[in-house]
Amino acid sequence: MVREVYKPLSMAKMKGGVTYQPPGVYAPQPVKVDSPAIEVMTDLHLVSPATIGPDATLAKASQTMIARSVRLLLVVGDMREIVGLITARDTMGEKPIKILRERGGKHDELTVADLMVPRSAIDVIDMGAVLRAEVGHIISTLKDLGRPHALVVAKDQLSGEEVVRGIFSASQIGRQLGVPILTFEIVHTFA
């Protein structure tokens, strides 16, 4: 039923010291393991994703991650299509050294395309499953994958195409839970 009359909202004078919240600032709230999973997802309807092109240098990728305070970049082509992803572990781990040993060259010649995880190797979670899941399910999924991140996809309402709707990050989940979340097996001995 459509109302014919709407009452105006009450107003108040602005108090001193009020600031504004810049766009893209996302303040996650504390959660529990049995909280809805959506509460720990970085929702790309609220926060713009951190992206980079495949031809960018590793230095540029690292700078972008630092500037955006993230450890994962979506690698996008000219039409915003996702061609891969790259993490801080990819740029600063053993992967660059291994590639340089195999083919030679200098570290500053390596590009994002050389080290990114290609689209065909990216595992994604459907948004429908996320809406039915709890935080504990996401932690279990990340541990099972052995990765600190997972992408969430949904169907775009207008085009019907699949789009990345969100990102789960073990470090963010850990901050919201108040405990570190380790998604990889820790080696206890060198034997």
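Asp43 has Gly166 of β8 as its bridge partner. This contact belongs to the pairing of β1 with β8, which is antiparallel and spans two bridges. Strands here are DSSP runs (E, at least two residues; helices are H or I, at least four), numbered from the N terminus, and two strands pair if DSSP finds at least two bridges between them.

A note before going on: the model is predicted, with local features needing pLDDT of at least 70 and side-chain atom pairs counted only at pLDDT 80 or more, while totals for chains, interfaces and linings use all residues. Residues are numbered from 1 along each chain as its sequence is written, and side-chain values use heavy atoms, with hydrogens and water left out.

Asp43 also forms a salt bridge with Arg165, with their closest N and O atoms 2.9 Å apart. (A salt bridge is a side-chain nitrogen of Lys or Arg within 4 Å of a carboxyl oxygen of Asp or Glu.) The two residues lie 122 residues apart in the chain, Arg165 in strand β8 and Asp43 in strand β1. The structure holds four salt bridges.

Now for the sheets, both open and of mixed pairing:

| β1-β8-β7-β6 | β1 (42–43) and β6 (124–126) |

Finally, the largest pocket has a volume of about 720 Å³. Of its 25 lining residues, the closest to the centre are Ile82, Glu162, Val163, Val164 and Arg165. A pocket is an open set of points on a 1 Å grid over the protein atoms alone, where a 1.4 Å probe fits, with protein on both sides within 12 Å along at least five of seven lines; lining residues have an atom within 4 Å of a point. The volume is the space filled by probe spheres set on the points, which are joined across faces, edges and corners. Elements giving two or more residues to this lining are β3 (72–76), β7 (149–155) and β8 (162–169).
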